[in-house]
Amino acid sequence: MANSSNAASAMMSVDANNNGATGGGTGNGNRSSMNNSMGGASAMSISSKPTPITTQHLRFLIMDAPRQTNLHLYIKECRRNHVTDIVRVCEPTYLGSELTSAGIQLHEMAYEDGHSPPEPILNQWLTLVEERFFGGSLGASAGRGNEQKTIAVHCVAGLGRAPVLVAIALMEFERMDAVEAVMMIRSQRRGAINEKQLRYLEGYKCQKRNGGNGCGCVIL
């Protein structure tokens, strides 16, 4: 699945309308503290509907950041989509105890807005994906039989850091190139992944993960 220069060019022109930096989806680096986010005006609704991204082997749910007061609504969406794990890629805006009570495991993989994911975060993310979808230690999802598992992942707006991690998983485990992975995500979640993020993904060198069909390179 080689990169198509025409497709990449078309995506770049779309990217010109996307502002923001590689990372959290807000692009301006502004962050709300947990105290502020526990009482927001839109606390009792979901501002951006969670987006399923599904392939033959992988199931993800891209979300914006829940708040403490609307976390129960996100838990309902997670249950509807068979979510076993939530990956938080930004600063905390809710407590994890309610997820634990719902049988969902929370993973902290935050990295700075405006930056590409550092290698320790990449390794943690890819290990989780590999374990959940290709065997290994099933952790919180053990005991669910043959039920399909889904990993939910969110940053602040669900447009930057979270989709970037999903794109990397598609490249590692489904043999997609950067353009294919980004086009798949954008077809379901409008505005995801800006130009800087696309350029990072185009330069990303896959590992060969044991559970997937990665392209057999190493991260440089």
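The charged end of Arg 88 sits over the ring of Tyr 94, 4.5 Å from the ring centre. Such a placement requires CZ of Arg, or NZ of Lys, within 6 Å of the ring centre and within 35 degrees of the ring normal. The model is predicted: local features need pLDDT of at least 70, side-chain atom pairs count only at pLDDT 80 or more, and totals for chains, interfaces and linings use all residues. Residues are numbered from 1 along each chain as its sequence is written, and side-chain values use heavy atoms, with hydrogens and water left out.

Aromatic rings also pair with one another. Rings of Phe, Tyr and Trp (its six-membered ring) pair if their centres lie within 6.5 Å; planes under 30 degrees apart count as stacked, over 60 as edge-to-face and the rest as tilted. Four aromatic pairs are present. The centres of the Phe 134 and Phe 173 rings are 5.3 Å apart and the planes meet at 20 degrees, so this pair is stacked. Phe 134 is partly exposed at 26% relative accessibility, whereas Phe 173 is buried at 0%. Buried means under 20% relative accessible area, exposed over 50%, and partly exposed in between (1.4 Å probe, protein chains only). Elsewhere, ring pairs join Phe 60, Trp 125 and Phe 133 into a cluster.

Phe 60 lies in strand S2 (residues 59–63). Five of the five residues of S2 are buried, so the strand is largely enclosed by the rest of the structure. In a regular strand the side chains alternate between the two faces of the sheet. Arg 59, Leu 61 and Met 63 point one way from S2; Phe 60 and Ile 62 point the other way. Strands pair if DSSP finds at least two bridges between them. S2 pairs with strand S1 (residues 51–54) in the antiparallel sense over four bridges. Thr 54 stands opposite Arg 59. S1 and S2 form a hairpin, with four residues between them. S2 also pairs with strand S5 (residues 150–154), in the parallel sense over four bridges. Here Ile 62 stands opposite Val 153.

Helix H6 (residues 161–173) is mostly covered, with 13 of its 13 residues buried. Just after H6, Arg 175 takes a positive phi of about 55 degrees.

Key: Helices (H or I, at least four residues) and strands (E, at least two) are DSSP runs, numbered from the N terminus.
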